[in-house]
Amino acid sequence: MGSFILRRLWQGLLVVLGVTLTVFVVTRVFGDPVSLMLPLTATAEQRAAFAHEIGLDRPLLVQFLGFMRDLVALDFGNSLWQRRPAIEVVFERLPNTLLLIVAGLGFAILASIPLGIIAALRPGGIVDRLTVSLGLIGLSMPQFWVGLLFIVIFAVQLKLLPTSGMGTPAHLILPALTLGLTPLARLTLLVRSSMIDELNQQYIKAARAKGLGLSRILGVHALRNVLISFLTLTGWELISILAGYTVVVETVFAWPGLGLTAMQAIQRGDLFLMQAIVFSIAFLIVLINIALDIAFKMIDPRINLN
Amino acid sequence: MFKHMLAAAVLAASLSAETVLAQSITIAIGSEPSTLDPQLRDDGGERQVNDNIYETLLARTPEGELVPSLAAEMPKQVDDLTWEFNLRQGVSFHNGEPFNADAVVYSVKRVIDPKNNSEQLAYFGTIAGAEKVDDDTVRITTTGPDPILPSRMYWMKMVAPKHAEEGDLAAQPAGTGPYRFVSWNRGADLTLEANPDHWDGAPEIDQVTYRFVTEPGTRLSGLMAGEFDVITNLLPEFTASVPKFAAVSGLETSVFVLGTDNEVTSDPRVREALNLAIDREAMAESLFLGYATVAKGHHVNPRAFGYNDQLQSYPYDPERAKALIEEAGATGKTIGVYGESGRWLKDREQIEAVAAYWREIGLAPEVHIEEFSQYLDTLMGDGPRPDAIFIANSNELLDADREASFIYHKDGPAASNSDAEMAEMIDKARVTTDTEARRSLYHDVFKKGHDLSYTVPLFNLHDIYGMSERMEWQPRVDAKLMVKEMSVTE
């Protein structure tokens, strides 16, 4: 196990490096960060002076070596847009995004398992058909639109919740619901279909014949087998949310998370902040992947990690 | 429960009639300040907050007229390169430091110091330095004759020297303005309170909280839900659904810059036809619901110094436009139309509508909507000049030098012509300190630009603000959110 984690960490490090270097090159080769930063009125001399101050006038290779040296010390430089260390911005905004993800995805996970199981008990029944229809609707509604709809209904019309911003637990409800809706739909449909498959297996019939209670059959025997695919999909949801799917929700609800910050950094050509954000997110995703592999092994000891 | 709250509200209302009610408002702005240092960034969010904390030597009235602020009177020009400012006496910064000649000299030197790498150098590039004459008098020198210096001093915020050296200017601002900094929860909100010792008297609103909401639909919802009192950049189509709104002609003017050396657009007849082809009135009505003023033959801000009020807008005459295109033998010719999307109000809609009008008169416009940094490269890069490129040109200093130097001067970053004679006139206007002579130079420049159709001016765009029922405020032409000019009725 230990050697496995070490090896995965090493591979992960290569991935993180690769992603960060791609960003390094792309931000410098395509588009001109200086013209994004400065007002349109700036003269050519002012642009040149600005580029010199932040070191963009040096050859790409020199910049690259400097970047690598700083990377070893985890120094991402100052955000051009916020005029403070880029990593400070990341550490300030990342917890907000994680809070949103935990709430949204947590809600999706907790709700999808019972919903999926109930639907699977009577395939074709009214509950099942309702779940499938609602799930498909949930999958096809754009987050942006759902978010604004929630705001109009719950904040403007009913005045139950605040429209936007962060601060109290009430502020978290609408953005978390919006974020969790698509994963909820996908996970519920997955639990339902895998559960239907499992319930038709011979071992379930054997367990029933032995006289085991329904809750034990579902909760212990069938669910454990469903859990592998469930966890795979959950991991995929988590990673795709982390890798950018919070942007829409954070924008609509003015949630001060990392997704919104990344978006603004791109718009403002803040390459140092972008590098720090991409590095942190890539690092987190590598960690999540390792954690998922370990979890798989714990659920199903037959899985060979090597 | 509800009854109790109601009773409490009634009680509070009756109490407020006798006691002075502390009035606080919430303003939703589109972006969070990146820093509260008033001298580093060119950042709208930072300005919207700091305009209330810091002050400048000169200010503008809501209608745009330049008036003294921290200066006691308008500056005197000593010689071509030197301007003398007499300072208002008895003013102090929020942290207790006195405002005097030393503070002005420090502020000027700090913003132009290359070490600080201020993005605002774009506005202050001509300033050479500042020197103290006595405690209440400062001389500011320029690298060349600079008639725009007074306007520049309307843009430069004065900081407290000791605090700037020792304090945390980025997070703990201390200016001379009508509002003092209270707190900033990054990402969430920012609060200011009235400065009772302000030299111009304490402002009416006691406390203001800023919220940062990027999405216009969410700002609107917050206003409708009663969370916000003022929201910025209300879309024209939402004016019907808000409790109150106010519109004022803003700083931005949309325009197409034409490539006068390009194959098709080098013919003045084609360029004139491009102007005659567009029904601007109809566009203003359908795209902006009337919240846009048709530009009068040039794209200079109507409030700016040097605006030529004799010019008329190009008429809508598609028949003549078609005839001109035929005469020039350009029927069926392709012209490249460049632009971006999402940066300025209804940018893509304007570009596509105009391209459709151009198609009507027999041309074959090819629309390229580019990603913003790529667009900037097309606009200002070294590549070939586009046939027509869209821009919403903003004029913060309200001086025609902006439009002239940027777009009409052949060496301007966004210029697409090679008119040496016009460049000479602009160069001359830039260093002419005689007001009337300079005005007439600009009039000639814009007349020429109009007659030769160097650009296709479209609209002076209006800024629209949504407000809650209780707000009383007339927005300013320079788009500054001055809380001291607001009041609430309750």
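How many residues of chain A are in contact with residues of chain B? In this predicted model, 41 residues of chain A are in contact with 35 residues of chain B, where two residues count as being in contact if their C-beta atoms, placed from the backbone, lie within 7 Å. Residues are numbered from 1 along each chain as its sequence is written, while chains are lettered from A and ligands numbered from 1 in the order in which they are written. Because the model is predicted, local features need a pLDDT of at least 70 and side-chain atom pairs count only at pLDDT 80 or more, whereas totals for chains, interfaces and linings use all residues.

**Confidence**

The model scores ipTM 0.86 and pTM 0.88. Chain B averages a pLDDT of 93, and 96% of its residues score at least 70; pLDDT is the predictor's confidence in each residue, from 0 to 100. Over residues 5-19 of chain B, however, the pLDDT is below 50, and this stretch has 1 contact in the model beyond near neighbours in sequence.

**Where the chains meet**

On chain A, the side that touches chain B draws at least two residues from each of α2 (33-37), α3 (44-53), α5 (86-121), α7 (143-157) and α10. The largest share, 5 residues, comes from α7(A). By class, this side of chain A has 21 nonpolar, 13 polar and 7 charged residues, where Ala, Val, Leu, Ile, Met, Phe, Trp, Tyr, Cys and Pro count as nonpolar, Asp, Glu, Lys and Arg as charged, and the others, Gly among them, as polar.

**Helices of chain A**

Chain A has 12 helices and 2 strands, and its C-alpha trace spans about 85 × 55 × 30 Å along its principal axes. Helices (H or I, at least four residues) and strands (E, at least two) are DSSP runs, numbered from the N terminus. The table gives the geometry of two helix pairs; axes are lines fitted to C-alpha atoms, for helices over the stretch in contact, and angles run from 0 to 180 degrees between N-to-C directions.

| Helix pair | Angle between axes | Axis separation |
|---|---|---|
| α10(A) (214-252) and α12(A) (271-299) | about 175 degrees | 10 Å apart |
| α10(A) and α11(A) (258-267) | roughly 95 degrees | within 7 Å |

The helices α10(A) and α12(A) are therefore roughly antiparallel to each other, whereas α10(A) is roughly perpendicular to α11(A); angles under 35 degrees count as roughly parallel, over 145 as roughly antiparallel, 65 to 115 as roughly perpendicular and the rest as oblique. Where α10(A) meets α12(A), the residues involved include Leu227(A), Leu231(A) and Leu238(A) on α10(A), and Ile281(A), Leu284(A) and Phe296(A) on α12(A). By class, this contact has 15 nonpolar, 1 polar and 1 charged residues. The contact of α10(A) with α11(A) is made by Gly244(A), Thr246(A), Val247(A), Glu250(A) and Thr251(A) on one side, and by Gly259(A), Leu260(A) and Met263(A) on the other, which gives 3 nonpolar, 4 polar and 1 charged residues.

**Domains and a sheet in chain B**

Chain B is divided into domain 1 (23-32 + 177-243 + 468-488), domain 2 (54-161) and domain 3 (250-462), with bounds that come from an automatic or database domain assignment. The centres of domain 1 and domain 2 of chain B, taken over C-alpha atoms, are separated by 27 Å, and their contact takes 9 residues from domain 1 and 10 residues from domain 2.

Chain B also holds an open sheet of 4 strands in the order β4-β5-β7-β6, with antiparallel pairing; two strands pair if DSSP finds at least two bridges between them. Since β4 (76-79) and β6 (127-134) of chain B stand at the edges, each with a single partner strand, one side of each is left without a neighbour in the sheet. Strands β5 (82-86) and β7 (137-142) of chain B pair over 5 bridges, and Glu84(B) has Arg139(B) in β7(B) as its bridge partner. Helix α3 (101-112) of chain B packs on the sheet, touching β6 and β7 of chain B, and its direction makes about 170 degrees with that of β6(B).
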